[in-house]
Amino acid sequence: MTSLDEARAKDAADPLRHHRDAFALPADTIYLDGNSLGALPKAAVAIMHDAVTRQWGERLIRSWNEADWIDAPQRIGDKIAAIIGADDGEVIVADSTSVNVFKLLTALTAQRPEATHILSESGNFPTDVHIADGAARAAGMDLRLVDRDAIVDAIAEDTAALLLTHVHYKSGERYDIKAGTAAARAKGVPVLWDLSHSAGAVPLDLDDAGADYAVGCGYKYLNGGPGAPAFIYAARAHQADLRPALQGWMGDARPFAFEDAYEPAPGMGRMLIGTAPMLSLLALECGVDAMLAADDAALWAKSQALFDLLTELMADRCPEFTLVTPTDADARGSHASFAHADAWPINRALIDACVIGDFRAPDVLRLGLTPLYTSFQDVWRAVDVLAGIMATETWRDPQYAERATVT
Ligand SMILES: *Cc1c(COP(=O)(O)O)cnc(C)c1O
């Protein structure tokens, strides 16, 4: 079993160890929830201060041109494109992931009026399922949900679009984008990938995979801050045919011509709706820059090493937990989920001991591994604390039974 000294040695040999310094992490806390809300990049504090006091406070509306606020959605989109293996001009930052799913699905159902349904996975992240249901209704179609292993067989000629989450938020299972896209294309069906748990977490090459459409979250592995704007990707070849149902002035070819007639902006610009939340965008840019500063092959190698350490220590010291995440690295993301009937109070007790993971109903303790700032010692200490909680049964304290609104 790996000792604390051996975990320390792994940190000393970690080529990414200095990236942790770019984040403001509380000294007394072990943070294993960067897959839900990424940590604060230190640079964001100064950038936010400048954005508020100077760009907004002093320069006021001039900043739309002077500070290039107006091009921030494209600029940050191009940076995210580099992370997900897309080209400049294929990604734009806008709205929330939920809204972006709706924007793409409604554009796709409009392109395929003869289709009867949108297809997705049962147990997919709730917002994806809810939004797909709403988008299907808006088009007079149905939402069809099938189990993961039945998806490929369920793709049919009358499927308007297939919506899949690349890395499952709970189990951590990962689809093969290339194979999934090819299987759908054989039936003429476009796939929309939700990359919320994969952008910044696992190696992505959307262009190589031939991906059609994708969305993803800014506040998880991209460290964009609470409620950070999301991103939206469409392969260049599809962009001219995308006609958004939400036709806002910022998606128009000439917003400042103030014309009645709407003409979609060229390229991904048409996927904007209204005025971008500039402070949030600038915070997101800090998180994306921090990710771009690290080598992505090194990030993924470290994610795997952290996973291996975590699962080894859990099997040794907390055998009452069942790993539900695939051990095959190609088949998972960058978090590890463990099932235990009392996962809720156990997670509450862990948080009280300053080890922060999260709980996903009904019985999963989810621990996120964010190689930019998670250390091997973090993992070792987290399991040590958990083993202590299990041995002393402190989690049985009635105070931990009460459910909070956000889990
Ligand atoms: C986190 C997450 C979202 C978040 O959607 P919001 O609109 O930002 O609330 C969407 N889809 C998946 C798969 C997620 O994991």
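Start with helix 12, which passes helix 14 in a right-handed crossing; a crossing is right-handed if the near helix is turned clockwise from the far one by less than a right angle, and left-handed if anticlockwise. Helices here are DSSP runs of H or I with at least four residues, strands are runs of E with at least two, and both are numbered from the N terminus. Before going on: this is a predicted model, where local features need pLDDT of at least 70 and side-chain atom pairs count only at pLDDT 80 or more, while totals for chains, interfaces and linings use all residues. Residues are numbered from 1 along each chain as its sequence is written, and side-chain values use heavy atoms, with hydrogens and water left out.

Back to the pair. The axes of helix 12 (residues 296-317) and helix 14 (residues 376-392) come within 10 Å and cross at roughly 20°. That angle makes helix 12 roughly parallel to helix 14. For reference, axes are lines fitted to C-alpha atoms, for helices over the stretch in contact, and angles run from 0 to 180 degrees between N-to-C directions; under 35 degrees counts as roughly parallel, over 145 as roughly antiparallel, 65 to 115 as roughly perpendicular and the rest as oblique. On the helix 12 side, the residues in contact (heavy atoms within 4.5 Å) are Lys302, Ala305, Leu306, Leu309, Leu310, Leu313, Met314 and Arg317, and they meet Phe376, Val379, Trp380, Val383, Asp384, Leu386 and Ala387 in helix 14. By class, that contact has 12 nonpolar, no polar and 3 charged residues. The classes go like this: Ala, Val, Leu, Ile, Met, Phe, Trp, Tyr, Cys and Pro are nonpolar, Asp, Glu, Lys and Arg are charged, and the others, Gly among them, are polar.

Helix 14 has another partner. Helix 1 (residues 4-12) packs on helix 14 at an angle of about 155°, with their axes 7 Å apart, and that makes the two roughly antiparallel. Leu4, Ala7, Arg8, Lys10 and Asp11 of helix 1 make the contact with Phe376, Gln377, Trp380 and Arg381 of helix 14. Here the count is 4 nonpolar, 1 polar and 4 charged residues.

Now over to helix 5. Its axis and that of helix 6 (residues 126-138) come within 9 Å and cross at roughly 35°, again in a right-handed crossing. Ser98, Val101, Phe102, Leu105 and Thr106 of helix 5 meet Thr127, Asp128, Ile131, Ala132, Gly134 and Ala135 of helix 6, giving 6 nonpolar, 4 polar and 1 charged residues. Thr97 belongs to helix 5 (residues 97-111) too, and at 10% relative accessibility it counts as buried. Beyond its neighbours within four places in sequence, Thr97 touches Asp194, Ser196, Val215, Gly216, Cys217 and Ala230.

Leu246 sits between helix 10 (236-239) and helix 11, and its contacts outside four places in sequence are Phe102, Lys103 and Ile273. At 35% relative accessibility, Leu246 counts as partly exposed.

Phe258, in the loop between helix 10 and helix 11, has a phi near 50°, a positive value in a residue other than glycine; at 60% relative accessibility Phe258 counts as exposed. Leu60, in the loop between helix 2 (42-58) and helix 3 (63-66), likewise has a positive phi near 50°, and is partly exposed at 48%. A cis peptide bond joins Ala361 and Pro362, with omega about 0°.

Terms used
Buried means under 20% relative accessible area, exposed over 50%, partly exposed in between (1.4 Å probe, protein chains only).
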